[in-house]
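Good morning, and thank you for the time on today's agenda. I would like to take you through one structure, step by step.

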Amino acid sequence: MPADTAPLIPKPATAANGSAGRELIRLEQVTKRFGDTTVLDRLDLSVDAGRHVTLIGPSGSGKTTILRLLMTLTKPDEGTITVDGRRLFPAPEKQCREVRKKIGMVFQQFNLFPNMTVLRNVTEAPRTVLGLSRDEAEARARELLDLVGLADKCDMRPTRLSGGQQQRVAIARALAMRPRVLLLDEVTSALDPELVAGVLDLLRDIARSTDITLLCVTHEMGFARDISDQVLMFDAGRIIESGPPEKLFGDPDHERTREFLSSVL
Ligand code: ADP
């Protein structure tokens with residue numbers, strides 16, 4: 001499909017279009033150490049296409065490290081990572097770059113380019129990484145900035161925007177790459193409390209109306225309950241319990257899960 005007629009964001013995954021239910025992400029026996037500390041300990045994780053998976057657990061339990069491994073911002077010491085049937089790790093550099101294009105990430109601190117306009121922040125990677133023409137990239141960016149409610153801010157520098165607006169730009173920027181997987185790393189933690197709900201509502205809309213696979217680290221348990229198909233409870237680099245949100249939040253099996261939930265709810 002030509003880029004200009006392709007849907008802005010892929011439609012929800014269904015059995016009919018063949019994209020639902022297929023394994024998209026697989027971590028096998030992944031170990032990650034920082035110095036003497038084992039942050040992830042022979043972790044196995046599988047996520048099907050179109051699923052919305054939330055990672056919860058105490059600070060330091062390894063959740064963000066998983067997102068950073070998928071984004072190739074850090075490498076495992078052992079194990080394999082596969083995305084959409086292709087190796088992300090271990091893999092030759094060129095293959096790694098190709099596979100990584102399927103993944104977008106939104107960070108806690110937005111990580112926008114301060115010296116570029118909002119529009120350029122969103123067009124930069126589609127132009128340089130995907131090779132889109134300036135017109136194509138700008139058309140896509142304007143549509144996405146409209147979707148996130150910032151169509152009138154294209155020519156501004158991000159530093160002049162509120163935190164909530166900056167995070168919306170970061171979401172538009174991630175979506176502009178048309179990723180199969182969107183990684184959300186505590187995306188509301190740096191926001192003033194009154195700006196949190198707007199960003200979460202936007203993400204709820206995206207989760208509902210697209211087939212993007214979501215992997216989300218959050219302390220917003222209400223949001224996690226709303227958007228997740230599956231919740232994974234981490235403790236010391238291992239998944240100690242997983243299940244649908246109603247089970248995990250309503251009737252967890254594990255004492256550590258109960259303790260954690262009572263500390264954050
Ligand atoms: P979580 O997201 O569950 O809070 P993280 O994945 O951020 O946990 O971190 C897990 C552990 O790894 C923490 O103890 C953290 O201090 C450590 N860690 C993370 N990144 C680094 C790094 N670049 N260098 C050293 N230690 C790190």
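The model is a predicted one, and the shell around its ligand divides into 3 nonpolar, 8 polar and 1 charged residue. The residues around the ligand include Phe-34, Thr-37, Val-39 and Gly-57. Which of the elements gives the most to the shell around the ligand? That is helix 1, with 3 residues.

I turn now to the sheets, beginning with the one that contains strand 2. This is an open sheet of 4 strands in the order 2-1-4-5, and its pairing is antiparallel. Strand 2 and strand 5, the latter covering residues 86-89, each have a single partner strand, so one side of each is left without a neighbour in the sheet. On average, and with direction ignored, neighbouring strands here are turned by 25° against each other.

Within this sheet, strand 1, residues 23-34, pairs with strand 4, residues 78-83, in the antiparallel sense over 5 bridges. Here Glu-28 stands opposite Thr-80 of strand 4. Strand 4 also pairs with strand 5, again in the antiparallel sense, over 3 bridges, and Val-83 stands opposite Arg-86 in strand 5. What form do strand 4 and strand 5 take together? They form a hairpin with 2 residues between them, and Asp-84 in the turn has a positive phi of about 55°. Helix 2, residues 93-100, lies across strand 4 and strand 5 and runs at about 105° to strand 5.

The other sheet I wish to show is also open, with 6 strands in the order 6-7-8-3-9-10 and mixed pairing. Its edge strands are strand 6, residues 103-106, and strand 10, residues 238-243, each of which pairs on one side only. From one strand to the next, the twist averages 20°. Helix 5 lies across strand 6 and strand 7, and its direction is at about 175° to strand 6.

Please look next at strand 8, residues 213-217. Strand 7, residues 181-185, pairs with strand 8 in the parallel sense over 5 bridges. Leu-183 has Leu-215 as its bridge partner in strand 8, and Leu-182 stands opposite Leu-214 of that strand. Strand 3, residues 52-56, pairs with strand 8 as well, in the parallel sense and over 4 bridges. There the bridge partner of Val-53 is Leu-215.

How many of the residues of strand 8 are buried? The count is 5 of 5. Thr-213, Leu-215 and Val-217 are buried on one side, and Leu-214 and Cys-216 are buried on the other, which leaves both faces covered.

Leaving aside neighbours within four places in sequence, Leu-215 is in contact with Val-47, Val-53, Leu-55, Leu-67, Val-181 and Leu-183.

Finally, two individual residues. Phe-110 is placed in the loop between strand 6 and helix 3, the helix of residues 118-128. Is Phe-110 buried or exposed? Phe-110 counts as buried because it has 22 C-beta neighbours inside 10 Å, and the cut-off for that class is 20 or more. Beyond four places in sequence, its contacts are Gln-166, Gln-167 and Ala-170. Phe-110 and Leu-200 are 90 residues apart in sequence, and their C-alpha atoms are 15 Å apart in space.

Asp-205 belongs to helix 6, residues 193-209. Asp-205 is exposed, because 12 other C-beta atoms lie within 10 Å and the exposed class takes in residues with 12 or fewer. Between Asp-205 and Ile-227 there are 22 residues of separation in sequence and 9.5 Å in space, C-alpha to C-alpha.

That concludes the presentation. Thank you for your attention.

Methods: Residues numbered from 1 in each chain as written. Predicted model: local features only at pLDDT ≥ 70, side-chain atom pairs only at ≥ 80, totals over all residues. Near = placed C-beta within 6 Å. Nonpolar A, V, L, I, M, F, W, Y, C, P; charged D, E, K, R; others polar. Contact = placed C-beta atoms within 7 Å. Pairing = 2+ DSSP bridges. Axes fitted to C-alpha atoms, helices over the stretch in contact; angles between N-to-C directions.
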